[in-house]
Amino acid sequence: MREGNVTKKIYTAAVVGTGRIGFTLGFDKKREQPASHTMALNANPQVKIIAGVDKNLESLSKWKEYNPSASTFESVEKMYEAFAECGDKDHCDGKRIGKNAQNCAPDIVVVAVNENAHLSVALEVISHRPRLLILEKPVALNLHEAEKIRRASKKFSVPILVNHERRFALDWNAAAEYAKKIGDIQCMSARLFSGMRLYDPDAESTGGYSLIHDGTHLADIVLFLLEAIQENFGGKSDGKNVGVILKKPSLSGIVFDKENKKIVRNLCAHYATKFCPSVNLEMSGRSRFFGFEVDIIGTEGRIFIGNGFAKFFRRAESKLYSGFFSLEGDSQIVLPKKGGRIQTGYFANMVQNAVDFLDGRAPLKSTLQTGTNALKVLDEIKTLLTREASV
């Protein structure tokens, strides 16, 4: 690929897991596209998909129809056995420009399998030293598994990008920047609503509960916004120490399932931090709708943002009361729209960040460390819930 007089590298990629997030969400007409790893990789001119992996042969066959030039495999082991036959090590270790690059083991490997397989698949991929591993959220089922992935990543020098998609979205990045302009932050409320059980100790081995499945997004985006806010206090937003911001929550509003008292359906985790005196994570697993939103109120403005909307308010002379100031919509914040809907570029921007990182132009925006930080928040909540249930 050429841009001006510069020849850009073409990076090869493999997708492990050809289910919803790996592939089929790319056909959801209601979602902003691309909405799956396969579609996002295919949309980037510097990426060429050369392999798909899935033990579900029906899913793999459908994936192959849309990626006819790629090879398919039933396991990661078989994929690497096939690419080991390349034999042209000098070529594969070089610039990998041109069509022959697809004969080499992939530069980028996406792990988009179910949560309970994250650890085993990630460890196997890491042992083969790809240039970059893209790991679907959450990092793992628990901190113990996350630590195993971290150790392997360090041992084999494999960088990991975690797909906490909102870190790449234009609207949430606009919110992070705007949070620096609304004075001292007074409070932040982050809310998740769904009908999926919020926490079930019997589902620890599968991750089949909302606290980890969707809650990882909520915890991560709050940490992302706090990273931006703490810059006003002279802090560093490199993600390495952000996890210590949200610690020792007080839980309230706990509602257990009416039929199974071990299952949690509702909770609120409250935190007090140096950068924001009141942070609430409110989660419901008994709603008959899906909702995801964050409300940030500063001394001079407000941000209210969630799935499909982003509202920014600033302090202005009140139109209702003489001698007072009120909040009014900030018309200077304009986000791209298509068909009346905000276009966030969340998946496309994630893949572009991967390419920019491999090109040496940018750091990863969502790392194993930031993903683990989110997991730490959820793990502490789980520990408190377990104690509450035993009382």
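**Rings and burial**

Tutor: Phenylalanine 347 counts as buried, at 1% relative accessibility. Buried means under 20% relative accessible area, exposed is over 50% and partly exposed is in between, using a 1.4 Å probe and protein chains only. Bear in mind that this is a predicted model, where local features need pLDDT of at least 70, side-chain atom pairs count only at pLDDT 80 or more, and totals for chains, interfaces and linings use all residues. Residues are numbered from 1 along each chain as its sequence is written, and side-chain values use heavy atoms, leaving out hydrogens and water.

Student: Ok, and is tyrosine 346 buried or exposed?

Tutor: Tyrosine 346 is buried, with a relative accessible area of 11%.

Student: How many aromatic pairs does a search of the whole structure find?

Tutor: The search finds 11. Rings of Phe, Tyr and Trp (its six-membered ring) pair if their centres lie within 6.5 Å; planes under 30 degrees apart are stacked, over 60 edge-to-face, and the rest tilted. Tyrosine 346 and phenylalanine 347 form a tilted pair, 5.6 Å centre to centre with 55 degrees between the planes.

Student: Which residues do ring pairs link into a cluster?

Tutor: Phe23, Phe27 and Tyr66.

Student: New topic: what sits over the ring of phenylalanine 292?

Tutor: The charged end of arginine 166, 3.8 Å from the ring's centre. "Over" needs NZ of Lys or CZ of Arg within 6 Å of the ring centre and within 35 degrees of the ring normal. Arginine 302 has its charged end over the ring of phenylalanine 304, 5.6 Å from the centre.

Student: And how much of the protein chain is buried?

Tutor: Buried residues are 51% of its 391 residues.
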